[in-house]
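Please report on the covalent link, the sheet and its surroundings in this protein. Keep it brief.

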Amino acid sequence: MTATVTCLALAIYYEARSEPHEGQLAVAEVILNRVDSPHYPDNVCDVVWQPYQFSFTHDGAPESPQEPVWEPIRGLAAEILQSPSERLLGLEATHYHADYVKPAWSKKIRRITKIDTHIFYE
């Protein structure tokens, strides 16, 4: 697996492993939308590891997925990256958060949709 696949897979795993397939795709799409945006780094790993953008990157825990869902998520990440020009769900989202938190920034940008426990914004 390439580093890019691993970075995307880690983000999907830690941010949405308990979400349905659509929720996992939406998290991946946010990352790809950020890669395409001039306001964020221009590659998947730099977007994922940009400081304080994704909770798993600064929680102090080691990134070593152990659950059986890790391998399917790595496969999903590889599949997504094979056709990066195709938008997964057509979301223009560059932000999201879990529905049990209310970050201050969520009041300043437009909400697009909610998928399972994540709310997505443009």
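Predicted model: local features only at pLDDT ≥ 70, side-chain atom pairs only at ≥ 80, totals over all residues.

Residues are numbered from 1 along each chain as its sequence is written, and side-chain values use heavy atoms, with hydrogens and water left out.

**The disulfide**

A disulfide here is a pair of cysteine sulfur atoms within 2.5 Å. By that rule the count is one disulfide. Cys7 is joined to Cys45, with an S to S distance of 2.1 Å. The link of Cys7 and Cys45 is right-handed, with 100 degrees about the S-S bond. Cys7 lies in helix α1 (residues 3-16) and Cys45 in helix α3 (residues 44-48), so the pair ties together parts 38 residues apart in sequence. Helices (H or I, at least four residues) and strands (E, at least two) are DSSP runs, numbered from the N terminus. Cys7 and Cys45 are both buried. Buried means under 20% relative accessible area, exposed over 50%, and partly exposed in between (1.4 Å probe, protein chains only).

**The sheet**

Three strands make an open sheet, ordered β1-β3-β2, with antiparallel pairing. The edge strands are β1 (95-98) and β2 (111-115), and each pairs on one side only. On average, neighbouring strands of this sheet are turned by 20 degrees against each other, direction ignored. Two strands pair if DSSP finds at least two bridges between them. Strands of a sheet pair through backbone hydrogen bonds, either parallel or antiparallel.

| Strand pair | Bridges | Bridge partners |
|---|---|---|
| β1 and β3 (residues 118-121) | four bridges | His97 and Ile119 |
| β2 and β3 | four bridges | Arg111 and Tyr121 |

The hairpin of β2 and β3 has two residues between the strands. In this hairpin, Asp116 takes a positive phi near 55 degrees.

Helix α2 (residues 21-36) lies across β1, β2 and β3. Helix α2 runs at about 145 degrees to β1. Axes are lines fitted to C-alpha atoms, for helices over the stretch in contact (heavy atoms within 4.5 Å). Angles run from 0 to 180 degrees between N-to-C directions.

**A residue in helix α1**

Is Ala3 buried or exposed? Ala3 counts as exposed because its relative accessibility is 51%. The C-alpha atoms of Ala3 and Lys107 are separated by 34 Å, and the two residues are 104 residues apart along the chain.
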